[in-house]
Amino acid sequence: MLVLMINGSPHEKGCTYTALSEVAGQLESEGIETNIFHIGSKQIRGCTGCGSCAKTGYCVFKDDLVNECVDLARAADGLVVGSPVYYAGPEGSLCAFLDRMFFLKSEGYAHKPAAAVLNCRRGGASAALDRLNKYFTISSMPVVSSQYWNATHGLTPEEVRQDLEGLQTMRTLGRNMAWLLKCIDAAKGTVPYPQVEPRLRTNFIR
């Protein structure tokens with residue numbers, strides 16, 4: 001089994017990476033492979049709502065890593081998205097990245113366990129966590145919990161490593177995700193996935 005971990009920080013080996021690595025270490029100790037995927041520090045354009053991906057399964061813009069990540073997420077068994085907290089929200093480029101990664105493509109991620117991980121200097125993590133979890137809950141992805149909100153605190157990786165409660169929360173998250181992945185794997189061939197109804201859309205302005 002493999003868990004894709006998206007590092008949404010512009011700093012490849014910074015605080016967000018430190019938090020994700022703690023989750024990854026626990027998953028790997030449970031026999032589950034991990035892949036930490038850094039979205040990079042270059043500008044990422046937002047979704048234009050063109051709808052082309054409904055036909056191709058891929059974003060029409062091919063000058064960044066979004067389509068590569070779409071393939072990785074489809075192949076993975078679980079997903080963890082990590083971000084620094086900026087103004088009580090996730091990093092802006094990451095939101096643009098996820099908008100395009102999820103828009104009209106979420107069928108490929110359905111029923112895969114997912115979790116968000118945040119790092120902040122002081123506050124705003126719960127609001128940022130709420131934003132990221134919405135990508136999962138609109139995509140039929142079970143959201144994995146921990147013993148507290150999934151956040152670490154620190155301005156540098158060294159400070160993050162001093163947040164003992166935050167790191168324990170990351171390890172608990174890793175164990176909980178490993179448990180759920182193993183449960184899903186054990187149920188294959190015995191418990192079918194939930195039936196999917198044709199999607200109904202109600203517009204409130206007529």
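**Exercise 1.** Determine whether Phe 136 is buried or exposed.

*Solution.* Phe 136 has a relative accessible area of 1% and is therefore buried. The term buried means under 20% relative accessible area, exposed means over 50%, and partly exposed lies in between (1.4 Å probe, protein chains only). The model is predicted: local features need pLDDT of at least 70, side-chain atom pairs count only at pLDDT 80 or more, and totals for chains, interfaces and linings use all residues. Residues are numbered from 1 along each chain as its sequence is written, and side-chain values use heavy atoms, with hydrogens and water left out.

**Exercise 2.** State how many aromatic pairs there are, and explain why the pair of Phe 102 and Tyr 135 is tilted.

*Solution.* Step 1: apply the rule. Rings of Phe, Tyr and Trp (its six-membered ring) pair if their centres lie within 6.5 Å; planes under 30 degrees apart count as stacked, over 60 as edge-to-face and the rest as tilted. The count by this rule is four aromatic pairs.

Step 2: examine the pair. The ring centres of Phe 102 and Tyr 135 are 5.4 Å apart and the planes stand at 45 degrees, so this pair is tilted.

Step 3: locate the partners. Phe 102 belongs to helix α4 (residues 92-102) and Tyr 135 to helix α5 (residues 125-137), 33 residues apart, so the pair links distant parts of the chain. Helices (H or I, at least four residues) and strands (E, at least two) are DSSP runs, numbered from the N terminus.

Step 4: check the burial. Phe 102, at 6% relative accessible area, is buried, and Tyr 135 counts as buried at 9%.

**Exercise 3.** Identify which residues form one aromatic cluster.

*Solution.* Phe 102 also forms a tilted aromatic pair with Phe 136, with 6.5 Å centre to centre and 55 degrees between the planes. This pair joins helix α4 to helix α5 across 34 residues. The cluster consists of Phe 102, Tyr 109, Tyr 135 and Phe 136.

**Exercise 4.** Describe how strand β1 (residues 2-7) is covered and with which strands it pairs.

*Solution.* Step 1: five of the six residues of β1 are buried, so that the strand is mostly covered.

Step 2: two strands pair if DSSP finds at least two bridges between them. Six bridges join β1 to the parallel strand β2 (residues 33-38), where His 38 is the bridge partner of Asn 7.

Step 3: β1 also pairs with strand β3 (residues 78-86) in the parallel sense, over five bridges. Leu 4 stands opposite Leu 79 in β3.
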